[in-house]
Number of protein chains: 2
Amino acid sequence: MSSNFADRLTAAIKQKGTPICVGLDPRIEQIPSFIRDVYLAKDGEETPAAVADTFIEFNKGIIDVVADLVPVVKPQFAFYLRYGSQGVRAFEETCAYAQQAGLIVLADAKSNDIGSTAQAYAEGFLGADAPLSCDALTVNAYLGADGIKPFTELCKKNGKGVFVLVKTSNPSSGDLQDRITDGEKMSIHELMAHFVESWGADEMGESGYSSVGAVVGATYPQEAARLREIMPHAYFLVPGYGAQGGGAADVKPCFDSQGGGALVNSSRGIIFAWEKDCKERNYQDSAREAVEEMKKDLASVL
Amino acid sequence: MSSNFADRLTAAIKQKGTPICVGLDPRIEQIPSFIRDVYLAKDGEETPAAVADTFIEFNKGIIDVVADLVPVVKPQFAFYLRYGSQGVRAFEETCAYAQQAGLIVLADAKSNDIGSTAQAYAEGFLGADAPLSCDALTVNAYLGADGIKPFTELCKKNGKGVFVLVKTSNPSSGDLQDRITDGEKMSIHELMAHFVESWGADEMGESGYSSVGAVVGATYPQEAARLREIMPHAYFLVPGYGAQGGGAADVKPCFDSQGGGALVNSSRGIIFAWEKDCKERNYQDSAREAVEEMKKDLASVL
(Lines give C-alpha, C1' and ligand atoms only; values in the text may rest on other atoms or scores of the structure.)
Protein backbone atom coordinates (compact mmCIF):
# COMPACT_ATOMS: atom_id res chain seq x y z
CA MET A 1 0.00 0.00 0.00
CA SER A 2 1.17 3.52 -0.76
CA SER A 3 2.46 5.41 2.24
CA ASN A 4 1.04 8.66 0.87
CA PHE A 5 -1.55 10.03 3.30
CA ALA A 6 -4.20 10.76 0.65
CA ASP A 7 -3.88 7.19 -0.62
CA ARG A 8 -4.22 5.77 2.88
CA LEU A 9 -7.25 7.97 3.48
CA THR A 10 -8.83 6.98 0.16
CA ALA A 11 -8.34 3.29 0.93
CA ALA A 12 -9.81 3.67 4.42
CA ILE A 13 -12.88 5.52 3.12
CA LYS A 14 -13.38 2.82 0.50
CA GLN A 15 -13.01 0.04 3.04
CA LYS A 16 -15.52 1.54 5.48
CA GLY A 17 -17.85 2.67 2.69
CA THR A 18 -18.36 6.16 4.10
CA PRO A 19 -16.38 9.41 4.43
CA ILE A 20 -17.40 10.06 8.04
CA CYS A 21 -14.98 11.57 10.54
CA VAL A 22 -16.04 11.30 14.18
CA GLY A 23 -15.01 14.33 16.22
CA LEU A 24 -13.76 13.39 19.69
CA ASP A 25 -14.57 16.64 21.50
CA PRO A 26 -15.20 15.63 25.09
CA ARG A 27 -16.94 18.04 27.45
CA ILE A 28 -16.97 16.87 31.04
CA GLU A 29 -20.57 17.97 31.68
CA GLN A 30 -21.85 15.90 28.74
CA ILE A 31 -20.16 12.64 29.63
CA PRO A 32 -22.56 10.06 31.13
CA SER A 33 -22.57 10.38 34.90
CA PHE A 34 -21.86 6.67 35.46
CA ILE A 35 -18.43 7.25 33.85
CA ARG A 36 -17.84 10.61 35.53
CA ASP A 37 -18.67 9.18 38.94
CA VAL A 38 -15.92 6.58 38.72
CA TYR A 39 -13.19 9.17 38.44
CA LEU A 40 -14.48 12.49 39.71
CA ALA A 41 -15.87 10.95 42.91
CA LYS A 42 -12.40 10.09 44.13
CA ASP A 43 -11.86 13.61 45.42
CA GLY A 44 -15.23 15.12 44.65
CA GLU A 45 -13.92 17.75 42.22
CA GLU A 46 -12.97 18.11 38.59
CA THR A 47 -9.20 17.88 38.97
CA PRO A 48 -7.35 17.81 35.64
CA ALA A 49 -6.17 14.24 36.29
CA ALA A 50 -9.70 12.99 37.05
CA VAL A 51 -11.17 14.74 34.03
CA ALA A 52 -8.41 13.27 31.84
CA ASP A 53 -9.19 9.75 33.07
CA THR A 54 -12.89 10.33 32.40
CA PHE A 55 -12.13 11.53 28.86
CA ILE A 56 -9.98 8.46 28.18
CA GLU A 57 -12.64 5.99 29.26
CA PHE A 58 -15.41 7.82 27.38
CA ASN A 59 -13.32 8.12 24.20
CA LYS A 60 -12.37 4.45 24.31
CA GLY A 61 -16.05 3.60 24.56
CA ILE A 62 -16.80 5.68 21.48
CA ILE A 63 -13.81 4.34 19.53
CA ASP A 64 -14.84 0.76 20.33
CA VAL A 65 -18.21 1.19 18.63
CA VAL A 66 -17.24 3.38 15.67
CA ALA A 67 -13.95 1.72 14.63
CA ASP A 68 -15.56 -0.75 12.22
CA LEU A 69 -17.87 1.90 10.75
CA VAL A 70 -15.75 4.99 10.01
CA PRO A 71 -12.28 5.66 8.59
CA VAL A 72 -11.22 8.64 10.72
CA VAL A 73 -11.53 10.19 14.18
CA LYS A 74 -10.68 13.81 14.92
CA PRO A 75 -9.84 14.75 18.50
CA GLN A 76 -10.15 18.52 18.97
CA PHE A 77 -7.02 19.56 20.84
CA ALA A 78 -8.63 22.50 22.68
CA PHE A 79 -10.92 20.32 24.78
CA TYR A 80 -7.91 18.40 26.10
CA LEU A 81 -5.53 21.33 26.51
CA ARG A 82 -8.25 22.95 28.62
CA TYR A 83 -6.99 20.57 31.34
CA GLY A 84 -3.26 21.19 30.78
CA SER A 85 -0.71 18.42 30.76
CA GLN A 86 -3.22 15.93 32.17
CA GLY A 87 -5.61 16.74 29.36
CA VAL A 88 -2.82 16.30 26.82
CA ARG A 89 -2.16 12.90 28.38
CA ALA A 90 -5.79 12.02 27.59
CA PHE A 91 -5.23 13.29 24.04
CA GLU A 92 -2.16 11.05 23.65
CA GLU A 93 -3.91 7.98 24.98
CA THR A 94 -6.95 8.64 22.80
CA CYS A 95 -4.81 8.94 19.66
CA ALA A 96 -2.86 5.78 20.47
CA TYR A 97 -6.01 3.79 21.21
CA ALA A 98 -7.68 4.93 17.97
CA GLN A 99 -4.63 4.04 15.90
CA GLN A 100 -4.52 0.59 17.48
CA ALA A 101 -8.16 0.22 16.48
CA GLY A 102 -7.12 0.80 12.88
CA LEU A 103 -8.45 4.34 12.64
CA ILE A 104 -6.77 7.29 10.97
CA VAL A 105 -6.27 10.02 13.58
CA LEU A 106 -6.64 13.65 12.55
CA ALA A 107 -5.56 16.12 15.23
CA ASP A 108 -7.54 19.34 15.10
CA ALA A 109 -5.13 21.86 16.59
CA LYS A 110 -5.08 24.56 13.86
CA SER A 111 -1.34 24.85 14.46
CA ASN A 112 0.59 27.78 13.09
CA ASP A 113 3.98 29.38 13.51
CA ILE A 114 7.17 30.07 11.55
CA GLY A 115 10.34 28.19 10.71
CA SER A 116 11.80 26.13 13.51
CA THR A 117 8.74 26.73 15.69
CA ALA A 118 6.38 25.28 13.09
CA GLN A 119 8.89 22.42 12.85
CA ALA A 120 8.42 21.75 16.58
CA TYR A 121 4.63 21.51 16.18
CA ALA A 122 5.07 19.25 13.15
CA GLU A 123 7.39 16.93 15.06
CA GLY A 124 5.07 16.88 18.06
CA PHE A 125 2.02 15.78 16.08
CA LEU A 126 3.42 14.15 12.94
CA GLY A 127 6.98 13.10 13.77
CA ALA A 128 8.08 9.47 13.55
CA ASP A 129 8.56 9.43 17.35
CA ALA A 130 5.84 11.99 18.07
CA PRO A 131 4.38 11.65 21.57
CA LEU A 132 1.02 12.88 20.25
CA SER A 133 1.25 10.45 17.32
CA CYS A 134 -1.35 11.48 14.74
CA ASP A 135 -1.81 10.82 11.03
CA ALA A 136 -2.82 14.33 10.07
CA LEU A 137 -3.18 17.82 11.52
CA THR A 138 -5.20 20.95 10.80
CA VAL A 139 -3.06 24.06 10.24
CA ASN A 140 -3.68 27.80 9.86
CA ALA A 141 -1.78 29.58 7.07
CA TYR A 142 -2.18 33.25 8.07
CA LEU A 143 1.64 33.36 8.28
CA GLY A 144 2.18 32.29 4.66
CA ALA A 145 4.18 29.61 2.90
CA ASP A 146 7.15 29.37 5.27
CA GLY A 147 4.77 28.65 8.13
CA ILE A 148 3.39 25.64 6.23
CA LYS A 149 6.52 24.16 4.65
CA PRO A 150 7.83 22.50 7.84
CA PHE A 151 4.52 20.63 8.08
CA THR A 152 4.34 19.53 4.43
CA GLU A 153 7.97 18.41 4.44
CA LEU A 154 7.29 16.16 7.39
CA CYS A 155 4.12 14.88 5.70
CA LYS A 156 6.17 13.79 2.74
CA LYS A 157 8.84 12.17 4.88
CA ASN A 158 6.45 10.34 7.23
CA GLY A 159 3.36 9.70 5.10
CA LYS A 160 1.26 12.21 7.06
CA GLY A 161 -1.28 14.84 6.02
CA VAL A 162 -2.31 18.42 6.77
CA PHE A 163 -5.59 20.24 6.28
CA VAL A 164 -5.18 23.98 5.79
CA LEU A 165 -7.99 26.29 6.96
CA VAL A 166 -9.54 27.74 3.80
CA LYS A 167 -13.21 28.61 4.44
CA THR A 168 -14.26 27.88 7.99
CA SER A 169 -17.81 27.02 9.08
CA ASN A 170 -18.42 29.82 11.61
CA PRO A 171 -20.66 32.86 11.07
CA SER A 172 -17.73 35.35 11.17
CA SER A 173 -15.50 33.40 8.77
CA GLY A 174 -16.12 36.03 6.11
CA ASP A 175 -14.59 38.85 8.19
CA LEU A 176 -11.24 38.01 6.65
CA GLN A 177 -11.80 35.01 4.38
CA ASP A 178 -14.40 36.64 2.10
CA ARG A 179 -12.45 39.84 1.44
CA ILE A 180 -11.72 40.35 -2.23
CA THR A 181 -8.08 40.97 -3.05
CA ASP A 182 -7.34 43.75 -5.45
CA GLY A 183 -4.93 42.28 -7.93
CA GLU A 184 -6.40 38.82 -8.28
CA LYS A 185 -10.09 39.68 -8.09
CA MET A 186 -10.67 36.70 -5.89
CA SER A 187 -11.56 36.22 -2.24
CA ILE A 188 -8.98 35.46 0.43
CA HIS A 189 -10.39 31.94 0.81
CA GLU A 190 -10.01 31.40 -2.94
CA LEU A 191 -6.46 32.72 -2.76
CA MET A 192 -5.78 30.31 0.09
CA ALA A 193 -7.24 27.51 -2.04
CA HIS A 194 -4.72 28.28 -4.78
CA PHE A 195 -1.94 28.13 -2.17
CA VAL A 196 -3.20 24.76 -0.94
CA GLU A 197 -3.28 23.33 -4.46
CA SER A 198 0.30 24.50 -5.10
CA TRP A 199 1.63 23.32 -1.73
CA GLY A 200 0.26 19.85 -2.46
CA ALA A 201 1.69 19.56 -5.98
CA ASP A 202 4.79 17.82 -4.72
CA GLU A 203 2.87 15.30 -2.60
CA MET A 204 0.46 13.68 -4.99
CA GLY A 205 -0.75 10.16 -4.33
CA GLU A 206 -1.87 7.50 -6.77
CA SER A 207 -5.45 8.38 -5.76
CA GLY A 208 -5.17 11.69 -7.57
CA TYR A 209 -5.21 13.52 -4.25
CA SER A 210 -2.33 15.11 -2.37
CA SER A 211 -1.45 14.99 1.30
CA VAL A 212 -2.23 18.72 1.61
CA GLY A 213 -5.96 19.07 2.18
CA ALA A 214 -8.31 21.94 2.99
CA VAL A 215 -10.86 22.75 5.69
CA VAL A 216 -14.10 23.88 4.02
CA GLY A 217 -17.21 24.37 6.17
CA ALA A 218 -20.48 22.62 5.32
CA THR A 219 -22.25 25.87 6.11
CA TYR A 220 -21.03 27.53 2.89
CA PRO A 221 -22.07 25.19 0.03
CA GLN A 222 -21.80 27.83 -2.71
CA GLU A 223 -18.24 28.69 -1.79
CA ALA A 224 -17.47 24.95 -1.50
CA ALA A 225 -18.45 24.33 -5.13
CA ARG A 226 -16.04 27.01 -6.33
CA LEU A 227 -13.32 25.74 -3.99
CA ARG A 228 -13.74 22.19 -5.33
CA GLU A 229 -12.89 23.60 -8.79
CA ILE A 230 -9.83 25.48 -7.56
CA MET A 231 -8.50 22.51 -5.56
CA PRO A 232 -9.08 19.36 -7.65
CA HIS A 233 -6.28 17.55 -5.78
CA ALA A 234 -7.06 18.50 -2.20
CA TYR A 235 -9.06 16.41 0.23
CA PHE A 236 -11.68 18.53 1.98
CA LEU A 237 -12.23 18.18 5.70
CA VAL A 238 -15.80 19.39 6.14
CA PRO A 239 -16.91 20.57 9.58
CA GLY A 240 -20.33 22.05 10.23
CA TYR A 241 -22.50 19.01 9.47
CA GLY A 242 -25.21 18.34 12.04
CA ALA A 243 -25.00 20.48 15.16
CA GLN A 244 -23.76 23.52 13.21
CA GLY A 245 -26.62 23.25 10.71
CA GLY A 246 -25.12 21.73 7.58
CA GLY A 247 -27.03 18.86 5.93
CA ALA A 248 -26.12 16.25 3.33
CA ALA A 249 -27.11 18.53 0.45
CA ASP A 250 -24.81 21.19 1.85
CA VAL A 251 -21.76 18.92 1.91
CA LYS A 252 -22.33 17.49 -1.57
CA PRO A 253 -20.42 20.29 -3.37
CA CYS A 254 -17.35 19.36 -1.34
CA PHE A 255 -17.08 16.00 -3.13
CA ASP A 256 -15.73 15.27 -6.59
CA SER A 257 -17.94 13.86 -9.35
CA GLN A 258 -17.27 10.31 -8.18
CA GLY A 259 -18.31 11.09 -4.61
CA GLY A 260 -14.72 11.12 -3.36
CA GLY A 261 -12.25 13.68 -2.06
CA ALA A 262 -13.98 14.78 1.13
CA LEU A 263 -14.29 13.81 4.75
CA VAL A 264 -17.35 14.98 6.70
CA ASN A 265 -16.99 15.55 10.41
CA SER A 266 -19.61 15.24 13.10
CA SER A 267 -18.75 15.58 16.77
CA ARG A 268 -21.56 16.36 19.21
CA GLY A 269 -24.19 14.76 16.96
CA ILE A 270 -22.46 11.40 17.39
CA ILE A 271 -20.59 11.30 20.69
CA PHE A 272 -23.36 12.96 22.67
CA ALA A 273 -26.25 11.34 20.76
CA TRP A 274 -27.23 9.67 24.05
CA GLU A 275 -28.56 13.00 25.37
CA LYS A 276 -31.32 12.98 22.75
CA ASP A 277 -32.20 9.39 23.65
CA CYS A 278 -31.91 10.14 27.39
CA LYS A 279 -30.18 6.82 27.92
CA GLU A 280 -26.71 7.42 29.29
CA ARG A 281 -25.99 3.75 29.91
CA ASN A 282 -26.51 3.21 26.17
CA TYR A 283 -24.27 6.04 24.99
CA GLN A 284 -22.35 3.62 22.80
CA ASP A 285 -25.49 2.35 21.06
CA SER A 286 -26.67 5.92 20.53
CA ALA A 287 -23.32 6.87 18.99
CA ARG A 288 -23.38 3.87 16.68
CA GLU A 289 -26.94 4.60 15.58
CA ALA A 290 -26.04 8.22 14.91
CA VAL A 291 -23.15 7.10 12.69
CA GLU A 292 -25.41 4.69 10.79
CA GLU A 293 -27.94 7.47 10.26
CA MET A 294 -25.28 9.89 9.06
CA LYS A 295 -23.92 7.23 6.73
CA LYS A 296 -27.32 6.82 5.12
CA ASP A 297 -27.83 10.57 4.94
CA LEU A 298 -24.52 11.10 3.14
CA ALA A 299 -25.06 8.12 0.85
CA SER A 300 -28.33 9.65 -0.31
CA VAL A 301 -26.47 12.51 -2.02
CA LEU A 302 -23.23 10.84 -3.15
CA MET B 1 -3.70 48.70 41.03
CA SER B 2 -5.98 48.28 38.04
CA SER B 3 -6.66 44.68 37.11
CA ASN B 4 -6.69 45.59 33.41
CA PHE B 5 -3.92 43.68 31.63
CA ALA B 6 -2.58 46.70 29.72
CA ASP B 7 -2.33 48.63 32.98
CA ARG B 8 -0.49 45.77 34.69
CA LEU B 9 1.87 45.52 31.72
CA THR B 10 2.46 49.28 31.67
CA ALA B 11 3.27 49.27 35.39
CA ALA B 12 5.66 46.32 35.02
CA ILE B 13 7.52 47.94 32.11
CA LYS B 14 7.84 51.15 34.11
CA GLN B 15 9.07 49.31 37.18
CA LYS B 16 11.74 47.35 35.30
CA GLY B 17 12.65 50.32 33.11
CA THR B 18 12.62 48.34 29.87
CA PRO B 19 10.06 46.75 27.52
CA ILE B 20 11.99 43.50 27.09
CA CYS B 21 10.21 40.17 26.82
CA VAL B 22 12.43 37.11 27.21
CA GLY B 23 11.36 34.22 25.00
CA LEU B 24 11.60 30.87 26.77
CA ASP B 25 12.04 28.64 23.71
CA PRO B 26 14.07 25.68 24.96
CA ARG B 27 15.75 23.37 22.46
CA ILE B 28 17.27 20.30 24.05
CA GLU B 29 20.45 20.41 21.94
CA GLN B 30 21.20 23.98 23.04
CA ILE B 31 20.84 23.45 26.76
CA PRO B 32 24.19 23.29 28.59
CA SER B 33 25.35 19.69 28.80
CA PHE B 34 25.89 19.82 32.56
CA ILE B 35 22.11 20.26 32.94
CA ARG B 36 21.19 17.78 30.22
CA ASP B 37 23.45 15.14 31.75
CA VAL B 38 21.60 15.19 35.06
CA TYR B 39 18.32 14.12 33.47
CA LEU B 40 19.04 12.52 30.11
CA ALA B 41 21.78 10.28 31.53
CA LYS B 42 19.26 8.39 33.62
CA ASP B 43 18.25 6.22 30.70
CA GLY B 44 20.62 7.46 28.03
CA GLU B 45 17.96 8.80 25.73
CA GLU B 46 15.78 11.86 25.21
CA THR B 47 12.55 10.56 26.71
CA PRO B 48 9.79 13.19 26.92
CA ALA B 49 9.91 13.11 30.74
CA ALA B 50 13.68 13.62 30.85
CA VAL B 51 13.56 16.45 28.32
CA ALA B 52 10.74 18.08 30.30
CA ASP B 53 12.80 17.96 33.51
CA THR B 54 15.76 19.45 31.66
CA PHE B 55 13.60 22.28 30.32
CA ILE B 56 12.25 23.04 33.79
CA GLU B 57 15.69 23.32 35.37
CA PHE B 58 17.08 25.40 32.50
CA ASN B 59 14.08 27.75 32.46
CA LYS B 60 14.23 28.24 36.22
CA GLY B 61 17.89 29.17 35.84
CA ILE B 62 17.00 31.78 33.21
CA ILE B 63 14.01 33.11 35.19
CA ASP B 64 16.17 33.47 38.31
CA VAL B 65 18.56 35.86 36.57
CA VAL B 66 16.13 37.88 34.44
CA ALA B 67 13.26 38.33 36.91
CA ASP B 68 14.60 41.58 38.36
CA LEU B 69 15.49 42.98 34.93
CA VAL B 70 12.50 42.39 32.64
CA PRO B 71 8.70 42.64 32.94
CA VAL B 72 7.65 39.66 30.80
CA VAL B 73 8.64 36.16 29.73
CA LYS B 74 7.12 34.40 26.73
CA PRO B 75 7.27 30.60 26.62
CA GLN B 76 6.71 29.38 23.04
CA PHE B 77 4.19 26.55 23.36
CA ALA B 78 5.46 24.57 20.33
CA PHE B 79 8.82 23.74 21.92
CA TYR B 80 7.02 22.15 24.87
CA LEU B 81 4.21 20.43 22.97
CA ARG B 82 6.94 18.81 20.87
CA TYR B 83 7.30 16.49 23.89
CA GLY B 84 3.61 15.85 24.42
CA SER B 85 2.01 15.83 27.86
CA GLN B 86 5.42 15.78 29.56
CA GLY B 87 6.45 18.86 27.61
CA VAL B 88 3.21 20.58 28.60
CA ARG B 89 4.04 19.73 32.22
CA ALA B 90 7.32 21.64 31.74
CA PHE B 91 5.30 24.53 30.25
CA GLU B 92 2.99 24.57 33.29
CA GLU B 93 5.84 24.52 35.78
CA THR B 94 7.69 27.22 33.84
CA CYS B 95 4.65 29.50 33.84
CA ALA B 96 4.00 28.96 37.55
CA TYR B 97 7.64 29.59 38.48
CA ALA B 98 7.79 32.79 36.41
CA GLN B 99 4.58 34.12 37.96
CA GLN B 100 5.92 33.39 41.45
CA ALA B 101 9.01 35.40 40.46
CA GLY B 102 6.72 38.36 39.77
CA LEU B 103 6.91 38.13 35.99
CA ILE B 104 4.04 38.55 33.55
CA VAL B 105 3.71 35.34 31.52
CA LEU B 106 2.72 35.58 27.86
CA ALA B 107 1.96 32.20 26.29
CA ASP B 108 2.87 32.12 22.61
CA ALA B 109 0.47 29.48 21.24
CA LYS B 110 -1.18 31.40 18.37
CA SER B 111 -4.46 29.77 19.40
CA ASN B 112 -7.44 29.87 17.10
CA ASP B 113 -10.82 28.19 16.75
CA ILE B 114 -14.51 28.99 16.88
CA GLY B 115 -17.18 29.34 19.55
CA SER B 116 -17.01 26.82 22.33
CA THR B 117 -13.69 25.48 21.09
CA ALA B 118 -12.01 28.88 21.31
CA GLN B 119 -13.59 29.09 24.77
CA ALA B 120 -11.78 25.89 25.77
CA TYR B 121 -8.41 27.33 24.70
CA ALA B 122 -9.20 30.56 26.52
CA GLU B 123 -10.06 28.70 29.73
CA GLY B 124 -6.94 26.51 29.43
CA PHE B 125 -4.54 29.45 29.19
CA LEU B 126 -6.40 32.39 30.74
CA GLY B 127 -9.05 30.90 33.01
CA ALA B 128 -9.17 31.63 36.73
CA ASP B 129 -8.36 27.97 37.44
CA ALA B 130 -6.33 27.45 34.25
CA PRO B 131 -3.79 24.65 34.59
CA LEU B 132 -1.49 26.49 32.15
CA SER B 133 -1.99 29.72 34.12
CA CYS B 134 -0.78 32.60 31.92
CA ASP B 135 -1.38 36.34 31.88
CA ALA B 136 -1.71 36.70 28.13
CA LEU B 137 -1.85 34.65 24.96
CA THR B 138 -1.09 35.13 21.28
CA VAL B 139 -4.05 34.36 18.99
CA ASN B 140 -4.61 34.01 15.23
CA ALA B 141 -7.73 35.70 13.82
CA TYR B 142 -8.03 34.02 10.37
CA LEU B 143 -11.45 32.77 11.55
CA GLY B 144 -12.83 36.26 12.23
CA ALA B 145 -14.51 37.99 15.15
CA ASP B 146 -16.36 35.04 16.66
CA GLY B 147 -13.06 33.17 16.97
CA ILE B 148 -11.63 36.02 19.05
CA LYS B 149 -14.58 36.99 21.24
CA PRO B 150 -14.30 34.04 23.67
CA PHE B 151 -10.71 35.13 24.37
CA THR B 152 -11.45 38.84 24.83
CA GLU B 153 -14.42 38.14 27.08
CA LEU B 154 -12.25 36.07 29.37
CA CYS B 155 -9.58 38.79 29.27
CA LYS B 156 -12.12 41.27 30.56
CA LYS B 157 -13.39 38.93 33.25
CA ASN B 158 -9.98 37.80 34.52
CA GLY B 159 -7.69 40.75 33.80
CA LYS B 160 -5.82 38.92 31.05
CA GLY B 161 -4.57 39.96 27.61
CA VAL B 162 -4.36 38.69 24.03
CA PHE B 163 -2.02 39.63 21.19
CA VAL B 164 -3.56 39.12 17.76
CA LEU B 165 -1.25 38.23 14.84
CA VAL B 166 -1.26 41.26 12.54
CA LYS B 167 2.03 41.46 10.61
CA THR B 168 4.36 38.59 11.45
CA SER B 169 8.15 38.72 11.23
CA ASN B 170 8.76 35.86 8.77
CA PRO B 171 9.80 36.27 5.11
CA SER B 172 6.51 34.82 3.75
CA SER B 173 4.25 36.90 5.98
CA GLY B 174 3.23 38.94 2.94
CA ASP B 175 1.75 35.94 1.10
CA LEU B 176 -1.55 36.67 2.76
CA GLN B 177 -0.98 39.65 5.08
CA ASP B 178 0.20 42.10 2.39
CA ARG B 179 -2.65 41.45 -0.07
CA ILE B 180 -4.65 44.57 -0.80
CA THR B 181 -8.38 44.23 -0.30
CA ASP B 182 -10.57 45.63 -3.00
CA GLY B 183 -13.18 47.61 -1.17
CA GLU B 184 -11.04 49.14 1.53
CA LYS B 185 -7.86 49.76 -0.44
CA MET B 186 -5.81 48.54 2.46
CA SER B 187 -3.70 45.49 3.12
CA ILE B 188 -4.96 42.48 5.04
CA HIS B 189 -2.60 43.33 7.91
CA GLU B 190 -4.03 46.86 8.04
CA LEU B 191 -7.55 45.43 7.98
CA MET B 192 -6.58 43.14 10.85
CA ALA B 193 -5.21 46.16 12.70
CA HIS B 194 -8.58 47.88 12.43
CA PHE B 195 -10.22 44.73 13.83
CA VAL B 196 -7.77 44.70 16.75
CA GLU B 197 -8.46 48.33 17.57
CA SER B 198 -12.23 47.70 17.55
CA TRP B 199 -12.02 44.46 19.55
CA GLY B 200 -10.08 46.32 22.25
CA ALA B 201 -12.45 49.29 22.49
CA ASP B 202 -14.37 47.71 25.32
CA GLU B 203 -11.28 46.81 27.34
CA MET B 204 -9.42 50.06 27.75
CA GLY B 205 -7.16 50.58 30.71
CA GLU B 206 -6.22 53.76 32.51
CA SER B 207 -2.89 53.60 30.67
CA GLY B 208 -4.65 54.43 27.39
CA TYR B 209 -4.01 50.93 26.14
CA SER B 210 -6.43 48.03 25.85
CA SER B 211 -5.99 44.38 26.76
CA VAL B 212 -6.19 43.44 23.05
CA GLY B 213 -2.71 43.82 21.60
CA ALA B 214 -1.08 43.04 18.26
CA VAL B 215 1.89 41.01 17.03
CA VAL B 216 3.99 43.17 14.69
CA GLY B 217 7.36 41.89 13.49
CA ALA B 218 10.53 43.97 13.96
CA THR B 219 11.51 42.96 10.44
CA TYR B 220 8.90 45.24 8.83
CA PRO B 221 9.54 48.74 10.29
CA GLN B 222 7.68 50.63 7.53
CA GLU B 223 4.52 48.61 8.04
CA ALA B 224 4.94 49.00 11.81
CA ALA B 225 4.81 52.79 11.58
CA ARG B 226 1.51 52.66 9.70
CA LEU B 227 0.15 50.03 12.11
CA ARG B 228 1.05 52.22 15.09
CA GLU B 229 -1.22 54.91 13.59
CA ILE B 230 -4.11 52.48 12.99
CA MET B 231 -3.86 50.96 16.47
CA PRO B 232 -3.17 53.80 18.94
CA HIS B 233 -4.62 51.73 21.81
CA ALA B 234 -2.99 48.34 21.15
CA TYR B 235 0.17 47.10 22.81
CA PHE B 236 2.57 45.69 20.21
CA LEU B 237 4.37 42.43 20.86
CA VAL B 238 7.42 42.70 18.63
CA PRO B 239 9.22 39.50 17.64
CA GLY B 240 12.14 39.44 15.22
CA TYR B 241 14.68 41.46 17.25
CA GLY B 242 18.15 39.92 17.33
CA ALA B 243 18.40 36.44 15.82
CA GLN B 244 15.83 37.24 13.11
CA GLY B 245 17.69 40.40 12.08
CA GLY B 246 15.71 43.28 13.59
CA GLY B 247 17.68 46.02 15.40
CA ALA B 248 16.71 48.82 17.80
CA ALA B 249 16.06 51.24 14.93
CA ASP B 250 13.69 48.69 13.39
CA VAL B 251 11.57 48.36 16.52
CA LYS B 252 11.34 52.11 17.20
CA PRO B 253 8.25 52.62 14.94
CA CYS B 254 6.37 50.10 17.11
CA PHE B 255 6.47 52.50 20.08
CA ASP B 256 4.32 55.53 20.75
CA SER B 257 5.78 59.02 20.94
CA GLN B 258 6.52 58.57 24.64
CA GLY B 259 8.44 55.33 24.07
CA GLY B 260 5.57 53.19 25.40
CA GLY B 261 3.06 50.73 24.00
CA ALA B 262 5.38 47.97 22.83
CA LEU B 263 7.10 44.88 24.14
CA VAL B 264 10.19 43.61 22.31
CA ASN B 265 10.93 39.91 22.42
CA SER B 266 14.27 38.16 22.21
CA SER B 267 14.58 34.41 22.70
CA ARG B 268 17.71 32.70 21.38
CA GLY B 269 19.80 35.88 21.71
CA ILE B 270 19.26 35.79 25.47
CA ILE B 271 18.67 32.24 26.64
CA PHE B 272 21.39 30.73 24.45
CA ALA B 273 23.83 33.67 24.74
CA TRP B 274 26.23 31.24 26.46
CA GLU B 275 26.97 29.59 23.09
CA LYS B 276 28.62 32.78 21.84
CA ASP B 277 30.68 32.98 25.02
CA CYS B 278 31.44 29.23 24.91
CA LYS B 279 30.93 29.05 28.67
CA GLU B 280 28.07 26.73 29.46
CA ARG B 281 28.60 26.80 33.21
CA ASN B 282 28.00 30.56 33.02
CA TYR B 283 24.82 30.40 30.92
CA GLN B 284 23.01 32.50 33.51
CA ASP B 285 25.65 35.26 33.44
CA SER B 286 25.58 35.25 29.66
CA ALA B 287 21.79 35.58 29.64
CA ARG B 288 21.91 38.45 32.10
CA GLU B 289 24.58 40.25 30.11
CA ALA B 290 22.55 39.80 26.92
CA VAL B 291 19.52 41.37 28.63
CA GLU B 292 21.61 44.30 29.87
CA GLU B 293 22.99 44.85 26.36
CA MET B 294 19.52 44.69 24.81
CA LYS B 295 18.23 47.12 27.43
CA LYS B 296 20.93 49.64 26.46
CA ASP B 297 20.30 49.06 22.77
CA LEU B 298 16.56 49.74 23.11
CA ALA B 299 17.13 52.74 25.41
CA SER B 300 19.28 54.33 22.73
CA VAL B 301 16.28 54.79 20.43
CA LEU B 302 13.43 55.34 22.90
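**Figure 1. Crossing of helices H6(A) and H7(A) in the predicted model.** The crossing of H6(A) with H7(A) is right-handed, a term applied when the near helix is turned clockwise from the far one by less than a right angle (anticlockwise being left-handed). Helices (H or I, at least four residues) and strands (E, at least two) are DSSP runs numbered from the N terminus. The axes of H6 (residues 115-126) and H7 (residues 145-158) of chain A come within 8 Å and cross at roughly 35°; axes are lines fitted to C-alpha atoms over the stretch in contact, with angles from 0 to 180 degrees between N-to-C directions. Residues are in contact if their C-beta atoms, placed from the backbone, lie within 7 Å. On H6(A) the contact includes A:Gly115, A:Ala118 and A:Leu126, and on H7(A) it includes A:Pro150, A:Phe151 and A:Asn158. These contact residues divide into seven nonpolar, four polar and two charged, where Ala, Val, Leu, Ile, Met, Phe, Trp, Tyr, Cys and Pro count as nonpolar, Asp, Glu, Lys and Arg as charged, and the others, Gly among them, as polar.

The model is predicted: local features need pLDDT of at least 70 and side-chain atom pairs count only at pLDDT 80 or more, whereas totals for chains, interfaces and linings use all residues. Residues are numbered from 1 along each chain as its sequence is written, and chains are lettered from A and ligands numbered from 1 in the order in which they are written.

Figure 2. A:Ser133 lies in the loop between H6 and strand E4 (136-139) of chain A, and its phi is near 45°, a positive value in a residue other than glycine. A:Ser133 is buried, with 20 other C-beta atoms within 10 Å; a residue is buried at 20 or more such atoms, exposed at 12 or fewer, and partly exposed in between, with C-beta atoms placed from the backbone. B:Ser133 occupies the loop between H6 and strand E4 (136-139) of chain B, has a positive phi of about 45°, and is buried, with 20 other C-beta atoms within 10 Å.

**Figure 3. The side of chain B that touches chain A.** The contact takes 47 residues from chain B and 47 residues from chain A. Among the elements of chain B that each supply at least two residues are helix H5 (84-100) and strand E6 (180-181). H6(B) gives the most, with six residues. By class, this side of chain B has 20 nonpolar, 17 polar and 10 charged residues. The predictor gives the complex an ipTM of 0.96 and a pTM of 0.97.

How values were computed: Two residues are in contact if their C-beta atoms, placed from the backbone, lie within 7 Å.
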